[in-house]
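Dear colleague,

I am passing this structure on to you, and below it you will find my notes on what came out of going through it. Please read them with the model open beside you.

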Amino acid sequence: MEIIVLKGEQNARKTTTLKLLYSKLKQKNEKEMNQFQYIDYNNLDFFDVLVIKGKLVGIITFGDCFAILIKFVFILIEMKVDIIICACSDTDYQDDSVEMYKAFDKLCTDNSLTKYEFEMKKDKSSVKNKTAQKCSEIISKLEDLSCLPKR
């Protein structure tokens, strides 16, 4: 099982990037699994599972709150998805982000998840260009993992 982590500080456009990625992956979705979909309309975060090339792909955008992130990662591990894609903040609302990230890292290690990290940084560059570039990087990784056909 692999986990692709889009890591960065709050408001670095992690969720925006994953929404763009999700819209692209949704076009490749082979089976609706709506029973696993969860949308938080207050924060515009979501959790969903797609079937792409016969592989279960879980997407989690709740990266600014480790408790919710870890809960959804556990659900996906129990479902035995092939690939988890998630946002993960460098900071947490409870100001214990270093310890929480260690716990997240341990969760990945304890469950034999192969982790690939992509870094998002806040900067003044065009948001559209930045999100599109990160989305392309993640799509390339999904192609490497044989989840998407090579472009």
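In these notes a residue is called buried when its relative accessible area is under 20%, exposed when that area is over 50%, and partly exposed in between, as computed with a 1.4 Å probe on protein chains only. The model is a predicted one, in which local features need pLDDT of at least 70 and side-chain atom pairs count only at pLDDT 80 or more, while totals for chains, interfaces and linings use all residues. Residues are numbered from 1 along each chain as its sequence is written, and side-chain values use heavy atoms, with hydrogens and water left out.

Helices (H or I, at least four residues) and strands (E, at least two) are DSSP runs, numbered from the N terminus.

Let me begin with the salt bridges, by which I mean a side-chain nitrogen of Lys or Arg within 4 Å of a carboxyl oxygen of Asp or Glu. By this rule there are four salt bridges. One of them joins D105 to K115, with the closest N and O atoms 2.1 Å apart, and it links distant parts of the chain, since D105 belongs to helix 3 (residues 97-110) and K115, ten residues away, to strand 6 (residues 114-120). D105 has a relative accessibility of 30% and therefore counts as partly exposed, and K115, at 26%, is also partly exposed. In another, K106 meets D110 at 2.7 Å from N to O; these two residues are four places apart in helix 3, which means about one helical turn. K106 is partly exposed, because its relative accessible area is 49%. A further salt bridge, at 3.3 Å from N to O, brings together the side chains of K134 and E137, which both lie in helix 4 (residues 127-144), three residues apart, or about one turn of the helix. K134 counts as buried at 15% relative accessibility, whereas E137, at 27%, is partly exposed. Salt bridges with shared partners also join D105, K115 and E117 into one network.

Turning to the interior, a nonpolar core is here a set of buried Ala, Val, Leu, Ile, Met, Phe, Trp, Tyr and Cys residues joined through side-chain atoms within 4.5 Å. The largest such core has 24 residues, and those with the most contacts inside it are L21, L25, I85 and L142. At least two residues of this core come from each of strand 1 (2-8), helix 1 (14-26), strand 3, strand 4, strand 5 (83-89), strand 6 and helix 4. Apart from it lies another core, of 22 residues, which includes F72, V73, V81 and L113. Contact between residues means heavy atoms within 4.5 Å; leaving aside residues up to four places away in sequence, L25 touches L50, I52, I59, I85, L142 and L148. I138, in helix 4, is buried at 0% relative accessibility, and beyond its neighbours within four places in sequence it is in contact with I4, L6, L18, L21 and F118.

Two strands are taken to pair if DSSP finds at least two bridges between them, and strand 3 pairs with strand 4 (residues 55-60) in the antiparallel sense over six bridges. In that pairing, I59 of strand 4 is the bridge partner of D48. The hairpin that these strands form has two residues between the strands, and K53 takes a positive phi near 50°.

In helix 1 the buried residues are K14, T17, L18, L21, Y22 and L25; seen down the axis they fall within an arc of 140°, so they line one face of the helix. The arc is that of the directions from the helix axis to the C-beta atoms. In helix 2 (residues 66-79), F66, L69, I70, F72, V73, L76 and I77 are buried, and on the other side A67 and E78 are exposed. Just after helix 2, K80 takes a positive phi of about 60°.

With best wishes

Technical notes: Expected span 1.5 Å × (residues − 1).
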